[in-house]
Structure formats: structure tokens, C-alpha cells
Amino acid sequence: MTRYIIIGSGGVGAALALGLRQAGRDATIVSRGTTLDTIRDRGLRVRHQGTDHVVEAPVVGSPADLELRVDDVLVLAVKSQDAEAAIRAWAQRPVVLDDAGTTVPAAEVLPIVTLQNGLDAPRVATRHFAQVIGGVALIAASHLSAGTIDVRNGPKLGQIILGAYPSAAHDAAVAERVPAIVQDLRAAEWLVQQTDDPRRWLAWKLSVSVTFPAEVLAGAPAERQELQALLSAEARTVLEAAGFSLADPATEITYDRDLARVEIAADAPIQGLSTWQSFTRGSGSEVDFLNGEIAVLARQLGINAPVNTAVQRELAAAAAAGEQPGVRPIDAVRQRSAAASSPSPGTSVEAPTHELAEVPA
């Protein structure tokens with residue numbers, strides 16, 4: 001049986017581990033720090049549809065704690081800012097091939113599934129691993145304390161779109177491995193769709209996730225909505241200028257999204273998306289891989305991305321200072337972006353599409 005090594009025990013990782021174990025699949029959780037200590041002490045707790053679960057899965061603290069097998073699948077479920085270090089840590093771990101104890105590095109024989117926001121994780125993974133499966137995960141999960149996750153989707157745990165990276169056309173051998181993974185994840189109560197070109201979905205998700213950092217800033221709801229619209233429109237403009245074709249969830253998703261609707265009880269609203277939660281926990285910032293990705297692409301193309309650049313710089317300072325959400329005002333971003341060049345004449349600035357905003361990750 002395939003064993004899934006879930007690297008990361010946040011919202012996505014915990015929900016994957018819960019679903020796989022409930023479906024009778026073999027899954028091991030990799031965690032660290034306070035969360036690892038908490039899981040070892042009382043288990044990884046996931047609340048879903050009003051029921052509290054303790055994930056019945058082995059947990060380890062590092063690659064050195066696990067003997068890898070040739071039928072393992074690595075699932076990278078850490079935040080974007082932690083992806084490169086995790087990829088490097090697992091790439092050279094020995095995989096046992098036979099009873100004689102023959103080993104080869106994991107990067108040569110094991111597939112790695114990347115589920116990060118932004119464009120960077122699968123790109124970095126291909127620097128090390130021969131088999132990369134890129135994906136986007138869509139889940140409304142609250143992770144505010146170590147080892148405790150509240151998944152608000154139902155009846156399914158969430159949604160995943162994945163495929164051989166950079167595309168099935170580039171790597172047919174890896175693409176052939178994807179259907180078996182899709183089948184296991186569907187059995188694990190996720191809505192899953194295979195794509196021949198995950199880059200299009202990664203680009204679409206980035207055009208949405210660049211709006212997440214706006215929640216960290218202080219301001220009126222109308223100000224936040226205006227900023228989110230500008231961030232998304234600017235991101236789409238830069239991505240398209242860089243040659244990305246963005247997927248369209250409204251026409252390209254084939255499963256019934258009602259099976260993973262977000263359940264929001266009046267007495268228990270969702271408190272914030274992933275970036276807000278990271279700042280609240282003090283666990284680092286993924287802004288450099290969201291708004292920062294747009295800033296990088298714009299510089300490479302010689303065009304302007306003043307709004308995303310301003311958000312990246314403002315929140316980089318906030319993260320360095322260890323600030324909680326709500327300290328820095330939206331007006332600070334407005335002043336930074338106004339000081340930079342305006343978008344090129346003719347740039348269309350439209351409100352972002354929120355087709356899947358109710359199931360973010």
C-alpha cells in the first residue's frame with residue numbers, strides 16, 4: 001500500500017492525514033516544534049462537521065526519524081516560506097529499494113506533491129526531485145493553536161487540483177502516477193481533479209491569494225475590499241504579461257463544489273485566512289511568496305506592480321517586528337504605492353473573481 005508522508009500539520013496537512021487514515025490509507029505526519037510536542041502529548045485534533053477527531057497516525061519530527069520506502073509519496077503541506085528547506089531536507093534521504101538494503105536518494109525515486117500558495121514550491125522541488133506533482137489546495141480551516149485544526153468545509157474536507165509539474169506534456173511518466181493519488185484522495189473525502197497543466201491553476205490561485213495579506217492590515221471593510229480588488233487585478237495583469245494562462249474555476253472545475261461548502265455558524269465565524277492566521281500565531285509570513293512573487297515577475301518584465309510591492313514591503317516590516325494583525329494601516333500601503341509608478345496606461349483594474357473565496361487555504 002502507498003504510504004503518504006504528510007510534511008506539515010497545519011490546516012491542509014491535518015485534514016489530509018485525517019481523511020487518509022479514515023479511508024484506511026497509510027499516512028504518517030511530520031511536524032516540528034511546539035506542534036510536534038503537542039501532537040505527541042495529546043494527538044493531532046481536527047474538528048469537522050461538529051465532530052472532534054484525533055488523527056490516528058504516526059508522527060515524526062524529522063526525515064531522520066523515518067525509513068523511507070519505494071512506494072512512499074511525499075506530500076508537502078508546509079507554508080510557502082518553509083517549502084524550500086523542507087524540500088532540501090527530504091531530497092537526499094535514503095529510500096530502501098529491496099530486502100538487501102539497497103538505497104537511493106528520495107529525490108530520484110519518490111514523487112513529491114506540492115500544495116503551497118504561490119508559484120515557488122513546485123519550481124524549487126524540480127531543482128531536487130525527478131517527480132513533482134504540483135497542486136492547489138482549497139480549504140477553510142482555522143489553525144490558531146498548536147495541534148488543533150477546525151475544518152469548516154462540509155461534507156467533504158476540501159478541494160485539490162493537481163497534476164504532473166510543469167505539465168503532463170513535459171513528464172508523461174509522472175502524469176501516469178497521478179490517477180492513483182487522485183483515487184486515494186477522493187477516498188479520503190476530498191474533492192479532487194487532475195489537470196494536465198497545474199501552472200494555470202497555481203497562477204489562478206496566486207491571483208486570489210495575493211488578496212489574503214490585506215486582512216493583516218488595519219482599515220475599514222470598504223478600504224480592504226478596494227485594496228483586495230487592486231491587488232488581484234494587478235496580479236492578473238503581471239501574470240498574463242509573464243505568459244501565464246490563468247485557469248477559470250467557473251468553467252473548468254468538473255466536480256460539485258457544493259460538496260465542500262463552507263459552514264459558518266453564527267456563533268463561530270471564520271476569523272481570518274491563512275496569512276492572518278500565520279501573523280496571529282507568529283509563525284512567519286508567506287507574503288514574500290504571494291505579493292512578492294508578483295513584484296519579482298514585474299521587475300523581470302520591466303513593468304510596474306506598485307500595490308503588491310507596497311503590501312510586500314509593509315508586511316515584511318511587520319513580520320520582522322513580530323507584529324500582530326491590525327497594527328499597520330491600509331493607508332501606509334496607499335502611500336507606498338502612490339510613491340511608486342502607476343500601472344501602465346490602459347491597464348484594466350477590475351474586482352477579483354471570488355468563485356472559490358469561500359474555500360481558501
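I take helices (H or I, at least four residues) and strands (E, at least two) as DSSP runs, numbered from the N terminus.

**Ground rules.** This is a predicted model, where local features need pLDDT of at least 70 and side-chain atom pairs count only at pLDDT 80 or more, while totals for chains, interfaces and linings use all residues. Residues are numbered from 1 along each chain as its sequence is written, and side-chain values use heavy atoms, leaving out hydrogens and water.

**Cis prolines.** I looked up Pro 166 and found it in the loop between β15 and α6 (172-175). Its peptide bond with Tyr 165 is cis, with omega about 5 degrees. I noted another cis bond from Gly 154 to Pro 155, with omega near 0 degrees. Pro 155 lies in strand β14.

**Lys 156.** Next I checked Lys 156, in the loop between β14 (153-155) and β15 (159-164). Is Lys 156 buried or exposed? I found it buried, because its relative accessible area is 18% and the cut-off for buried is under 20% (exposed is over 50%, partly exposed in between; 1.4 Å probe, protein chains only). Beyond its neighbours within four places in sequence, Lys 156 is in contact (heavy atoms within 4.5 Å) with residues including His 48, Glu 189 and Trp 190. Its side chain also makes a polar contact of 3.2 Å with that of Glu 189. For a polar contact I need a pair of N or O atoms within 3.5 Å; within protein, one must be able to donate a hydrogen and the other to accept it, and residues adjacent in sequence count only if both atoms are side-chain atoms.

**Positive phi.** I then looked at Glu 189, which sits in the loop between α7 (178-187) and β16 (191-194). Glu 189 has a positive phi of about 70 degrees, though it is not a glycine. It counts as partly exposed because its relative accessible area is 35%. Gln 49 isn't a glycine either, and its phi is positive at about 50 degrees. I placed Gln 49 in the loop between β3 (45-48) and β4 (51-54). With 41% relative accessibility, Gln 49 is partly exposed.

My last stop was an open sheet of three strands, in the order β6-β8-β9, with mixed pairing. Two strands pair if DSSP finds at least two bridges between them. The edge strands β6 (68-69) and β9 (103-105) each pair on one side only. I saw that β8 (residues 94-96) and β9 pair in the antiparallel sense over three bridges. Val 95 has Val 104 as its bridge partner in β9.
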